[in-house]
Amino acid sequence: MSKGSLALFPKLSLSLSLSLSPNFPALPLSLVTSDNNKSEKPKTGNIVFKLCEVLYMDLLRTYTDQNNDELDVPLSETQNPTTSTSSSPDSSPPRLLQAKSSAPNVDDTMLALTVAHAHQAQSRPIDPTQHVVPFNPTYEQLWAPIYGPAHPYAKDGIAQGMRNHKLGFVEDASIDSFVFDEQYNTFHKFGYAADPSGINYVGDLDALKQNNSVSVYNIPQQEQKRRKIEKKKEAAEEDNDDDTQDGLDTEEYNNPASDTWLMKNKKSPWAGKKEGIQTDLTEEQKKYAEEYAKKKEEKGGEGREKGEVVVDKSTFHGKEERDYQGRSWISPPKDAKATNDHCYIPKRLVHTWSGHTKGVSAIRFFPKYGHLILSAGMDTKVKIWDVFNSGKCMRTYMGHSKAVRDISFCNDGTKFLTAGYDKNIKYWDTETGQVISSFSTGKIPYVVKLNPDEDKQNILLAGMSDKKIVQWDMNTGQITQEYDQHLGAVNTITFVDDNRRFVTSSDDKSLRVWEFGIPVVIKYISEPHMHSMPSISLHPNTNWLAAQSLDNQILIYSTRERFQLNKKKRFAGHIVAGYACQVNFSPDGRFVMSGDGEGKCWFWDWKSCKVFRTLKCHEGVCIGCVWHPLEQSKVATCGWDGLIKYWD
């Protein structure tokens, strides 16, 4: 403290000195305070010097006491006034407080356990199925092999999540193409190969030891010598051949067609170690060859027939096959005339033909006259019935072993085709009941049709279950064409445009138009809203096609160049979903008719597209309906109840 400060603030200096040192003895006020009014003045410089000296000694003693070990000094000695080093008995002893920590008490048990678990995690392997790793794994842990039981659905024990290939885990490796070819060929020849890492081997380790780890390109010296000797022998043989060539014609020697050339080149460079050609067969080989030839011959015989073999029979049920004038029973009546210029809807049931023991799948009137009606039954039989006179069954044709799918007359009605589920197509003589010819491809025929042209009545078209339309020439029995574009079984074949083209429908929900004889589609009709069309009929004016669609409606398509859908004409109301119900027209084209799945026969007006009348015809499905070719209001229907009904 400076001299000037005491002169200016004497009282403040005294109070500071007292507060700084509690051991400092109390001084008389007369010595400390100074009053300018008194005549006697103390010597201020001496007082200040002594005061500073006392303060310095006091501070030095305090620091010295703090450095000593306070725990060794008993509290009683510290508080004893007699042992105090203070300069005054009135000074207070120093107070020593017990050390305390302000931090809260923390239970570190969990911390210790966590640290212990972390140390354990560093040593245990990682579960390959877990998705989250709560610690930083080491390199050894990440690439450690998988231990434990095999995966139940993986033969090699690799978990499903670790796989990137159906055979396990495949990782990329940078390998030179030569090295890869070497190991690839080595593995296929010897059964072992070097691992891409170059450290281990995979495959047959026994073969690896036996061959001393040799690869296909690292051939031992002994093998190389042996190959050189073989090459020398071959060269010597060629020299001998050249010597023998001198006496032969050079042209014959170089001609591949000559025996000389064949003898020279009988050994192929790919023949390997096989010397010569084995000509004589052993007894075992001869026996095997004979058995194989026999099986092939039997298979070839089956391939020619393909369909099930059934004995063809026919039974005539009439009184006599010819009348008193010598006319056949299939001859049309001479007084039959067309009276169908203006047709009407039938109202009542006229006649019922019952003879099939199962459902009837199709009916066809005799062409142009309609005095007979042909029916195909699911009882494997085809029957023909009289319409005009007795109304009885005239003949039964039995030539199929399964249900008959479709029937079709030729133009004059003297012959007809049948297609059965026994994969056979048969061409019958209507009068005699004899089978003229039989055809089969080994597939089920769904529809059969003859070319309507008079000069092409020998051409048969059949839509098969294997998506093909097969064309036969019945005179030769050979397949002359195959139309193979559909994606499903073919259901219908309809000739249009003066029989130059035909339209086919299929289970693939499309229509395709073909040029006859050319297996290329000229028009393909397929829309997302289209359904399969199992029955198609041609309008009498040949300008329109009526297609029975399985979404319970009849659609009309034009037969002109574009084959467009006529959106203005649509006939609906019946339920045919799931059934191949036949659609047909009246001879004058005024009415459209169709059976349905509930046994009804529906009639629509062609112009207005409105329902004209419905007839309850059959119990079950009414599968077929045909308008009589000459009558104006007579219709025949057939159903799965086994009946054929005639309406007027």
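**Cavity and sheet**

Author: The largest cavity has a volume of about 40 Å³, where a cavity is a set of points, on a 1 Å grid over the protein atoms alone, at which a 1.4 Å probe fits but cannot get out, and the volume is the space filled by probe spheres set on the points, with grid points joined across faces, edges and corners. This is a predicted model, in which local features need pLDDT of at least 70, side-chain atom pairs count only at pLDDT 80 or more, and totals for chains, interfaces and linings use all residues. Residues are numbered from 1 along each chain as its sequence is written, and side-chain values use heavy atoms, with hydrogens and water left out.

Reader: Which residues line the largest cavity?

Author: Its lining, meaning residues with an atom within 4 Å of a point, consists of Val503, Leu511, Val513, Ile525, Ile536, Leu545, Ala547, Tyr557 and Phe563.

Reader: And which strands each supply at least two of the lining residues?

Author: Those are β19 (511-515) and β22 (544-549), strands being DSSP runs of E with at least two residues, numbered from the N terminus.

Reader: Switching topic, what is the strand order in the open sheet of four strands?

Author: The order is β4-β31-β30-β29, with antiparallel pairing, and two strands pair if DSSP finds at least two bridges between them.

Reader: Why is one side of β4 and of β29 left without a neighbour?

Author: β4 (349-354) and β29 (622-627) stand at the edges of the sheet and each has a single partner strand, so one side of each lacks a neighbour there.

Reader: How many bridges join β30 to β31?

Author: Four bridges join β30 (residues 635-639) to β31 (residues 643-647), and Ala636 has Tyr646 in β31 as its bridge partner.

Methods: 1 Å grid on protein atoms, 1.4 Å probe; cavity = no way out; pocket = protein on both sides within 12 Å on 5 of 7 lines; lining within 4 Å.
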